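Please look over the sequence and the model shown below, then follow the points by topic.

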Amino acid sequence: MLTERLLIKILCIILLAGMAGCSKGNDVVKSFAGNYSGTYSGDTSGKWTAVFGTDGSVKADITDSSFGSVEGKGSISASGEFDLSTKGYVADRQSFATWKGSFKIVDGVCTGSGTWSAGDGFGGTWEGKRDN
């Protein structure tokens, strides 16, 4: 009887600790939520804006002064790792691009940087920050 109670208590502690760990990760992802903007350069250049959701989702609009704009969807992890894919028409043909990088929060300021690459061999770097 005593052993059963002890076992149940141990299981409850393990479950509570596991749930606390899950919520901590969600809280960290929420800390990245907000509106962002930045620039990109390389084989082509332009500006981007994005909305980071409290669930880690990312929706972006990437604008190139020569080719127009495309939309992107992606995610950010609790560690700040960022991944985004775009799909749209650029210069009258379908184009795909992948954006990768990371964000960090230092003294309340959230900044990020990384690389982008397109299926047609274009590529370069990007940087940005959360708008306050």
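Six aromatic residues, Tyr36, Trp48, Phe52, Phe82, Phe103 and Trp126, form one cluster. They belong to a predicted model, whose chain contains one helix and eight strands. The points below treat the chain as a whole, its nonpolar core, its aromatic pairs, its salt bridge and the surroundings of selected residues.

**Overall architecture**

- Read from the N terminus, the order of elements is α-β-β-β-β-β-β-β-β.
- The chain has 132 residues, and 29% of them are buried.
- Of the contacts between residues at least 6 apart in sequence, 33% join residues at least 24 apart.

**The largest nonpolar core**

- The largest nonpolar core comprises 20 residues.
- Within this core, the residues that touch the most other members are Tyr36, Trp48, Phe52, Ile62, Phe82, Trp99 and Phe103.
- Two or more core residues come from each of strand 1 (34-42), strand 2 (46-52), strand 3 (57-64), strand 4 (68-76), strand 5 (81-90), strand 6 (93-106) and strand 7 (109-118).
- Phe52, named above both in the aromatic cluster and among the core residues with the most contacts to other members, touches Phe32, Ala33, Gly34, Tyr36, Ser57, Val58, Ile76, Phe82 and Phe103, leaving aside residues up to four places away in sequence.

**Aromatic pairs**

- The whole structure holds 11 aromatic pairs.
- In one of them, the ring centres of Tyr40 and Trp99 lie 5.3 Å apart with the planes at 75°, so this pair is edge-to-face.
- Because Tyr40 belongs to strand 1 and Trp99 to strand 6, their pairing ties together parts of the chain that are 59 residues apart in sequence.
- Tyr40 counts as buried because its relative accessibility is 6%, and Trp99 likewise counts as buried because its value is 4%.
- The rings of Phe52 and Phe103 also make an edge-to-face pair, because their planes stand at 80° with the centres 5.2 Å apart.
- Phe52 lies in strand 2 and Phe103 in strand 6, so this second pair ties together parts that are 51 residues apart in sequence.
- Both Phe52 and Phe103 are buried.

**Surroundings of Trp99**

- Trp99 is located in strand 6.
- Leaving aside residues up to four places away in sequence, Trp99 touches Tyr40, Trp48, Ile62, Phe82, Asp83, Leu84, Thr86, Thr115, Trp116 and Trp126.

**The salt bridge**

- Side chains of opposite charge can pair when their charged atoms come close.
- The structure contains one salt bridge, which joins the side chains of Lys100 and Asp83 at 3.2 Å from N to O.
- Lys100 is in strand 6 and Asp83 in strand 5, so the bridge ties together parts that are 17 residues apart in sequence.
- Lys100 counts as partly exposed because its relative accessibility is 44%.
- Asp83 is also partly exposed, because its relative accessible area is 33%.

- Asp64 has its place in strand 3.
- With a relative accessibility of 7%, Asp64 counts as buried.
- The side chains of Asp64 and Thr44 are joined by a polar contact of 2.2 Å.
- Apart from residues up to four places away in sequence, Asp64 touches Tyr40, Thr44 and Ser45.
- Ser66 sits in the loop between strand 3 and strand 4.
- Ser66 counts as exposed, because its relative accessibility is 58%, whereas Asp64 counts as buried.
- Thr44 is 22 residues from Ser66 along the chain, and 8.7 Å separates their C-alpha atoms.

Technical notes: Residues are numbered from 1 along each chain as its sequence is written. This is a predicted model: local features need pLDDT of at least 70, side-chain atom pairs count only at pLDDT 80 or more; totals for chains, interfaces and linings use all residues. Side-chain values use heavy atoms; hydrogens and water are left out. Helices (H or I, at least four residues) and strands (E, at least two) are DSSP runs, numbered from the N terminus. Buried means under 20% relative accessible area, exposed over 50%, partly exposed in between (1.4 Å probe, protein chains only). Contact means heavy atoms within 4.5 Å. A nonpolar core is a set of buried Ala, Val, Leu, Ile, Met, Phe, Trp, Tyr and Cys residues joined through side-chain atoms within 4.5 Å. A polar contact is a pair of N or O atoms within 3.5 Å; within protein, one must be able to donate a hydrogen and the other to accept it, and residues adjacent in sequence count only if both atoms are side-chain atoms. Rings of Phe, Tyr and Trp (its six-membered ring) pair if their centres lie within 6.5 Å; planes under 30 degrees apart count as stacked, over 60 as edge-to-face and the rest as tilted. A salt bridge is a side-chain nitrogen of Lys or Arg within 4 Å of a carboxyl oxygen of Asp or Glu.
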